[in-house]
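Hi,

Here is the structure I promised to send over. Have a look at it first, and then read on for my notes.

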Amino acid sequence: MAAHRPVEWVQAVVSRFDEQLPIKTGQQNTHTKVSTEHNKECLINISKYKFSLVISGLTTILKNVNNMRIFGEAAEKNLYLSQLIILDTLEKCLAGQPKDTMRLDETMLVKQLLPEICHFLHTCREGNQHAAELRNSASGVLFSLSCNNFNAVFSRISTRLQELTVCSEDNVDVHDIELLQYINVDCAKLKRLLKETAFKFKALKKVAQLAVINSLEKAFWNWVENYPDEFTKLYQVPQTDMAECAEKLFDLVDGFAESTKRKAAVWPLQIILLILCPEIIQDISKDVVDENNMNKKLFLDSLRKALAGHGGSRQLTESAAIACVKLCKASTYINWEDNSVIFLLVQSMVVDLKNLLFNPSKPFSRGSQPADVDLMIDCLVSCFRISPHNNQHFKICLAQNSPSTFHYVLVNSLHRIITNSALDWWPKIDAVYCHSVELRNMFGETLHKAVQGCGAHPAIRMAPSLTFKEKVTSLKFKEKPTDLETRSYKYLLLSMVKLIHADPKLLLCNPRKQGPETQGSTAELITGLVQLVPQSHMPEIAQEAMEALLVLHQLDSIDLWNPDAPVETFWEISSQMLFYICKKLTSHQMLSSTEILKWLREILICRNKFLLKNKQADRSSCHFLFLYGVGCDIPSSGNTSQIPMDHEELLRTCTPGTSLRRGKGNSSMDSAAGYSGTPPICRQAQTKLEVALYMFLWSPDTEAVLVAMSCFRHLCEEADIRCGVDEVSVHNFLPNYNTFMEFASVSNMMSTGRTALQKRVMALLRRIEHPTAGNTEAWEDTHAKWEQATKLILNYPKAKMEDGQAAESLHKTIVKRRMSHVSGGGSIDLSDTDSLQEWINMTGFLCALGGVCLQQRSNSGLATYSPPMGPVSERKGSMISVMSSEGNADTPVSKFMDRLLSLMVCNHEKVGLQIRTNVKDLVGLELSPALYPMLFNKLKNTISKFFDSQGQVLLTDTNTQFVEQTIAIMKNLLDNHTEGSSEHLGQASIETMMLNLVRYVRVLGNMVHAIQIKTKLCQLVEVMMARRDDLSFCQEMKFRNKMVEYLTDWVMGTSNQAADDDVKCLTRDLDQASMEAVVSLLAGLPLQPEEGDGVELMEAKSQLFLKYFTLFMNLLNDCSEVEDENAQTGGRKRGMSRRLASLRHCTVLAMSNLLNANVDSGLMHSIGLGYHKDLQTRATFMEVLTKILQQGTEFDTLAETVLADRFERLVELVTMMGDQGELPIAMALANVVPCSQWIIIILGPDRS
């Protein structure tokens, strides 16, 4: 399509870009952001080949968006975001504009795009919070536009200048002249601008002249900053034409400056025009000055005089300061060797300039603080570049009693020095490393004031460095700062964090300090940054703090933490940071938790790089062994992470001597064993990290789940590195290493929806084999949050009405952080679908991981499993008695299971159905197999309460609902061959529960719902028999006989009475399900009549056989009659025909199984059917007999002495002697069979 119809293809991409803008789609999420970014990149690439099509399409979109009418704060924000996205895309497309763009395209750009860009530059309201960003973005578009289309832009400016020369109005529109400030200007273009303005300057009105003066100054800096080599070359090879234009304009402007006010307005431009004339500067520095240059010399004299405060006007003094700063800044772009005269000119003014701008007792102010700050920053940076070792002004700004503005100026100046070093002769920041201690101290105090002013936490006092202890402790911060002061501290704090991000060495440097002091100062710095990460009221600072911490974790930065002991310091400080962040994550105290988790993943990558680099150096000191307690007797319970890690505690544990500090030679395992009572912080950090990653697995945010899963890879990589160093198994560090690696691999492959992702997560959680402090704590924390969320859901909307304000507040928080919806506490809004989804995810998480926590609390010493025998309560030596399948009511796992069972019948008016459905599916499909025994026993105990003391059924809607849910759960559980299920299914008997289910269901009647429940129960019985080998039965034959008795009662129970066709279909389905269940039950089942009938055993069995055989024959006859009836009436339905055929097949199978297992008592009743006068009856018997012969049966059971012979063989087997005269089988039976059932062995199964 792209090859044959390029226009349509480009238009389609542009349309897709338009449709996915925030103004069209609403609030952006991660998916839409990624999609928008992808569309943007696609358009940028296309613009290289179809430039005019893309630019035209984007211009149309921008025009339409600008003309939209919006209402509300959210819509305004989406409009602003959409405009920024369009402008950014335009800027990048224009920056890559092909050189062969036709003249027609340039005309189109001017006619269509330029007016829209000017709209942002001219009409953005100053009060609008987004105005500055939009103006900056629009100026970037204009800059890129003017790079390749300068003529078009210049033509607009020139035309406007020409119009203003003949305009007689006083109030004129000068917006087009102001475009000079934003266009791309090189040397040739600047000359062109100077010529044009010099030619028309005199004819302009005053307003236009002032606009030209202001705009030309900014155009000059666009040239110098974007083409510094051209400006430098100007002083190497003077350009006469440039100097002539500048001198001419200087004279015109000088003539314009008649009054003090006008002088103040033109001085900054005049100094720039003078800078463009190197030869004139050379001339006026002499004692004898050319007459043509006398006005320039007088200008400089006036400048010096005003700067020294002798100008007689405050306006002139301020203008002189601005002009001198411009001079200093421009001089830094000139090499000292090229022209020393301009530096002499600077030196003659710079002292007075510093005294004016950096006077703590009389701060410089023009009434516009941002402009003053920019001016001071320019001055400070320029003075550093001119004379880096003359840093007296640095000391003034560093002084603690200096205004906070001075601090702000200093920090931002340092940041500019670091990030902007375009010219070779500019000095580097290392000249300021000597002030690292003062800068760290400033950071600590600023952090204290900013956080104290916000009132989010108690005042944080940073532990002072040893050198500056006296200075810090002398300060008093008893009074809370005002809102204005707090805001200024926040700005300063943000700038300081950016400074750390730009060059961490600036604050890590510790000249002439010992190792412990160096480590202490590093800990202080990192602790301060870590405390900023969870600051929700300062999101920009929090984001920048994360970036700074990431830079501090780079290899070259970690080495500076403490060069004397880098590895040990790394473990202490980094582990404290990891612990603190993960603790905040697990308590859901952070906004944008997903973004923080992504950042944490990058931290883990950096940690592993450092470990890999230092693993050989670390081998000799055994730090890994010590710090992680390998080989130590460290309990792995869920309560190991008990370090209080808030604020002062975090700092205190990071300082030397309080955590894991040891002497250099003390690295023996004996020393490590001394810490076995309190696990090292490194182990605690790993535990808390595991907890955080586990708990993110139930997040409703798919991206958060995938990021958490990918983090497991880095845990495994760390374990690989450490086991390579310590020469121990990787499972010593990560017992569940294999499953973690599966989590990591899935994180790369999963691209499905969140439901499929959660199923995969739960499948992997069930594979967790080993209980650890991490997974146990994660389960318990999640359980606590789940309990809280469950209460909120069940109380909704009552809780919402009682705490409406809190609910609204919580909802706003949810929207911002896209994280914990119901686990964060407070209230809940079920209209937010993520709230319920998170609860569902938590439920699945607890079900899937619960088995490990159960194992954690049990005796794991048993390595073997013996199939249980007898009643559950009396089993001896089996796993179930150790694991407490009944469930200790005090354990969290047992409480969770009890709560789940209660939710199986939740009748909440809004979400009751969803809760019941999800509990049924999660318990049936996602429950850890280790919890099966506990579930079976709890279900058995609950259902047993549905009968009174006489055994009568207590029929209620709730009980019926519970029974139906139980049937569905048991069927799912037995049908779903979960990995490891076979091992645990037999640890608790389900006989009693199944019999009670049937006893309850059989009294429900013959209503449609009752028939459906009976059908499902029959299906459950069939599945149960399919898993017979995995289940354990106390008295299997008796149980199966009873089930056959109950289920055969439902066969043909209502088939003939039903009048409605739908009901007939349901009853036939019940017949079918009953017979399929009976078939599975009768396979190999000898009939056992009820005891106490007063009839001989063989006679009773014979009567029972006849009962069932007659029922089956009647069912076959019924099927035949219905088929004949349908054939006669012609109303035969294909569905009913298939049902009858299947039912007939099942009936024949049941008869075969019945006769096969009971030949001794049934052959005499069935043999006569082979000679029946009815042909179909004879055919049926032959079919049954054929199946018996195919299956094979033992006709020797027809002997009269069969029972005696069978008992004699059993006695011989039990009393068989071993090689040493012992009775191995008898002793084995005695060990596993309860005393109450020994009588069965003694008397034999048929006599008991």
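Below is what I found, going from the whole chain down to single residue pairs.

First, a caution: this is a predicted model. The chain averages a pLDDT of 79, and 79% of the residues score at least 70.

As for the overall build, the chain has 58 helices and 0 strands. Of its 1248 residues, 53% count as buried. Among contacts between residues at least 6 apart in sequence, 77% join residues at least 24 apart. The chain exposes about 54,800 Å², with carbon and sulfur atoms supplying 51% of that.

The largest nonpolar core has 350 residues, and Trp223, Phe231, Ile581 and Leu1047 have the most contacts inside it. If you zoom in on Leu1047, you'll find it touching Val998, Cys1018, Val1021, Ser1074, Ala1077, Val1078 and Leu1081, leaving aside neighbours within four places in sequence.

Loops have buried residues too. Val172 sits between helix 8 (150-165) and helix 9 (187-200), and counts as buried because its relative accessibility is 13%, under the 20% cut-off. Its contacts beyond four places in sequence are Leu164, Cys167 and Val207. The C-alpha atom of Val172 is also 7.6 Å from that of Ala208, 36 residues apart along the chain.

Helix 54 (residues 1159-1166) is worth a look down its axis. Its buried residues are Val1159, Ser1161, Gly1162 and Ser1166.

Now the charged pairs. The count comes to 36 salt bridges, including these:

- Arg1068 and Asp1118 have their closest N and O atoms 2.5 Å apart. Arg1068 is in helix 51 (residues 1061-1082) and Asp1118 in helix 52 (residues 1097-1129), so the pair ties together parts 50 residues apart in sequence. Arg1068 is buried at 7% relative accessible area, and Asp1118 is buried at 7%.
- Lys759 pairs with Glu926 at 2.9 Å. This links distant parts of the chain, helix 37 (residues 754-765) and helix 44 (residues 912-926), 167 residues apart. Lys759 is partly exposed at 41%, whereas Glu926 is buried at 5%.
- Glu37, Lys40, Asp88 and Lys92 are linked in a network of salt bridges.

Cheers

Technical notes. Residues are numbered from 1 along each chain as its sequence is written. This is a predicted model: local features need pLDDT of at least 70, side-chain atom pairs count only at pLDDT 80 or more; totals for chains, interfaces and linings use all residues. Side-chain values use heavy atoms; hydrogens and water are left out. pLDDT is the predictor's confidence in each residue, from 0 to 100. A nonpolar core is a set of buried Ala, Val, Leu, Ile, Met, Phe, Trp, Tyr and Cys residues joined through side-chain atoms within 4.5 Å. Buried means under 20% relative accessible area, exposed over 50%, partly exposed in between (1.4 Å probe, protein chains only). Contact means heavy atoms within 4.5 Å. Helices (H or I, at least four residues) and strands (E, at least two) are DSSP runs, numbered from the N terminus. Accessible areas come from the Shrake-Rupley method with a 1.4 Å probe; for residues, only the protein chains shown count as cover. A salt bridge is a side-chain nitrogen of Lys or Arg within 4 Å of a carboxyl oxygen of Asp or Glu.
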